[in-house]
Amino acid sequence: MLSKQWEGLLIAACLNTSFSTLAWAEDYMETALPSPEQRNVILIIGDGMDDQQITIARNYLVGANGRLPLDELPMRGAVQILAIENKPDGKPLYVSDSANTATSLATGEITSRGRISTRTGDNKILPTIVELAQQQGFRTGLVSTSSVTDATPAAFAAHMSTRICQSPDLMQAVVYRDILMGDCAQETKDKGGLGSIAEQMAESKLDVILGGGSQYFEPLTPGNSSQTVLGAASAAGFRTVSSAAELSEAESAERLLGLFSPDTMPVRLRGENGRQAESPEPGWLNHIHRYLGDVTQPAVMVCEANPEFSGMPSLKAMTDAALQTLQRAGSPGFFLMIESASIDKQTHYRKPCGSIGEVEQLNEALASATAFADSHPNTLILVTADHSQAAQIVPVESLFKLFPIPIFTPGKLARIKTPEGSLMAINYATSNFSAEEHTGANVPIFGNQEAIGRVPTFLTQPQIFAVMRDYLELD
């Protein structure tokens, strides 16, 4: 039985007495109208997007009384993050990284930090939901504002003992500033392994890969002096694009690989003139005694457009392209993972405006996903985070200001003027290093109508894998 929308389309075609129009309508129905039994899962991950990050973004983007698309989703719960030490029978760890958390989401297994869908202890390959879906004919895609070889997207389509082995030239003794970061020498192809994450992506059965990371596809494939990893992807059937214009012209691609920046894609917003959180400056008397003198807080800043973002495809544009490519007749449906990666990355470097822009991008992508689900029943949308992060909203004026002593954060502080005309103070105080640390709190999970009754209001992160697997009825 045709819907009224499609009945109207065919009637209009017939009244136009154009056989070509009628043929077009029939062909479009075959390719665009899903069969009733098709089922889709759209998993949206805000890297580091805990409730602090959502609230910071809400306050800035729509105001304290406003609502983001996230806030309109009918299902909400909380997720406990799980990790273990990198040793057999490792004890629990209470703070995770993006590799082991994405592995939990992708495989339903608890692993140790840095692992990409491999088991702690014996390095056994853990099948991912992408691979299980592909075995049953589902189309699959990954979209991220990070490098597509970074931890979160990699965990859905690759297997590696450590996340740093992203390309063929990063497999042996990876060194940064004379510090040995790791080694994947035993996982190279000549040792019988699967090769680097980029090689595994190029050889995968994925239908869509969109994000940054072109530099990891530039090295030659091992054993081939003339073919790059990107060339291998093209030979495997991917249509490759590298700009927003090329992406918009690739709607008819059967398989699509888009790499739009050398590594992580530029963020949409930045602090004015590139500013980030800064240390309060106590006066000289305070160095004599902590109860003396005064303190100068960092100057107020606003968020501004990041000029490096100009010309980049937005997360929404990549999401729209992925949805267009994945919805093919003849398949039982699709699995799509979408990541807004730099909520986390900008927080590491104490840049709240960058994180705000990434939450905005996530909400735009969610709006596209929700619109798709509205016209495609049997589409489950889940939105969650991989772990919590360092940013905290703190009082602009201390609650203890009546005490006649200087009170200030020992960390870094950004004071942002919001469009509402108020000040919002964002504090970072997990580390005296050049980068902040992840934290160990629960993260939220949101879902559309399909999630109600399927997702508990409190669950562990590996259980999200089970929800998605069961929804797609995967073996």
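This is a predicted model: local features need pLDDT of at least 70, side-chain atom pairs count only at pLDDT 80 or more; totals for chains, interfaces and linings use all residues.

Me: How many disulfides does the structure hold?

Reply: A disulfide is a covalent bond between the sulfur atoms of two cysteines. C165 is joined to C184 in this way. C303 and C353 form a disulfide as well. The number of disulfides is two.

Me: How many residues apart are C165 and C184?

Reply: C165 sits in the loop between α6 and β6, and C184 in the loop between β7 and α7. The link therefore ties distant parts of the chain, and C165 and C184 are apart by 19 residues.

Me: Is the link of C165 and C184 right-handed or left-handed?

Reply: Both C165 and C184 are buried. The angle about their S-S bond is 80 degrees. The link of C165 and C184 is right-handed.

Me: Is the link of C303 and C353 right-handed or left-handed?

Reply: The sulfur atoms of C303 and C353 are 2.1 Å apart. The angle about this S-S bond is -80 degrees. The link of C303 and C353 is left-handed.

Me: Where is C353, the partner of C303?

Reply: C303 lies in strand β14. Its partner is 50 residues away, in a distant part of the chain. C353 is in helix α13.

Me: Is C353 buried or exposed?

Reply: Buried means under 20% relative accessible area. C303 has 12%, so C303 is buried. C353 has 1% relative accessibility, so C353 counts as buried.

Me: Is α3 roughly parallel or roughly perpendicular to α13?

Reply: The axes of α3 (residues 51-61) and α13 (residues 352-375) come within 9 Å. They cross at roughly 85 degrees. Angles of 65 to 115 degrees count as roughly perpendicular. That makes α3, relative to α13, roughly perpendicular.

Me: Which residues of α13 make the contact with α3?

Reply: On the α3 side the contact is made by Q53, I56, A57, Y60 and L61. By class, the contact has six nonpolar, two polar and one charged residues. The α13 residues are S355, I356, V359 and E360.

Me: Which residue forms a salt bridge with R58?

Reply: R58 is in helix α3. Its partner lies 13 residues away, in the loop between α3 and β2. The closest N and O atoms are 2.8 Å apart, and the partner is D71.

Me: Is D71 buried or exposed?

Reply: The cut-off for buried is under 20% relative accessible area. R58 has 14%, so R58 is buried. D71 has 15%, so D71 counts as buried.

Me: How many residues apart are E436 and R350?

Reply: The side chains of E436 and R350 meet in a salt bridge at 2.5 Å, N to O. E436 is in the loop between β19 and β20, and R350 is in the loop between α12 and α13. The pair links distant parts of the chain, with a separation in residues of 86.

Me: What is phi of R350?

Reply: Most residues other than glycine have a negative phi. R350 has a positive value. R350 is also buried, with a relative accessible area of 6%. Phi of R350 is near 60 degrees.

Me: Is D178 buried or exposed?

Reply: D178 is in the loop between β6 and β7. Its phi is positive too, near 70 degrees. Over 50% relative accessible area means exposed. D178 has 77%, so D178 is exposed.

Me: Which residues does K205 contact, leaving aside neighbours within four places in sequence?

Reply: K205 is found in the loop between α7 and β8. At 66% relative accessibility, K205 counts as exposed. Even so, K205 is in contact with Q134, T140 and R255.

Definitions and conventions. Residues are numbered from 1 along each chain as its sequence is written. Side-chain values use heavy atoms; hydrogens and water are left out. Axes are lines fitted to C-alpha atoms, for helices over the stretch in contact, and angles run from 0 to 180 degrees between N-to-C directions. Helices (H or I, at least four residues) and strands (E, at least two) are DSSP runs, numbered from the N terminus. Angles under 35 degrees count as roughly parallel, over 145 as roughly antiparallel, 65 to 115 as roughly perpendicular and the rest as oblique. Contact means heavy atoms within 4.5 Å. Ala, Val, Leu, Ile, Met, Phe, Trp, Tyr, Cys and Pro count as nonpolar, Asp, Glu, Lys and Arg as charged, and the others, Gly among them, as polar. A disulfide is a pair of cysteine sulfur atoms within 2.5 Å. Buried means under 20% relative accessible area, exposed over 50%, partly exposed in between (1.4 Å probe, protein chains only). A salt bridge is a side-chain nitrogen of Lys or Arg within 4 Å of a carboxyl oxygen of Asp or Glu.
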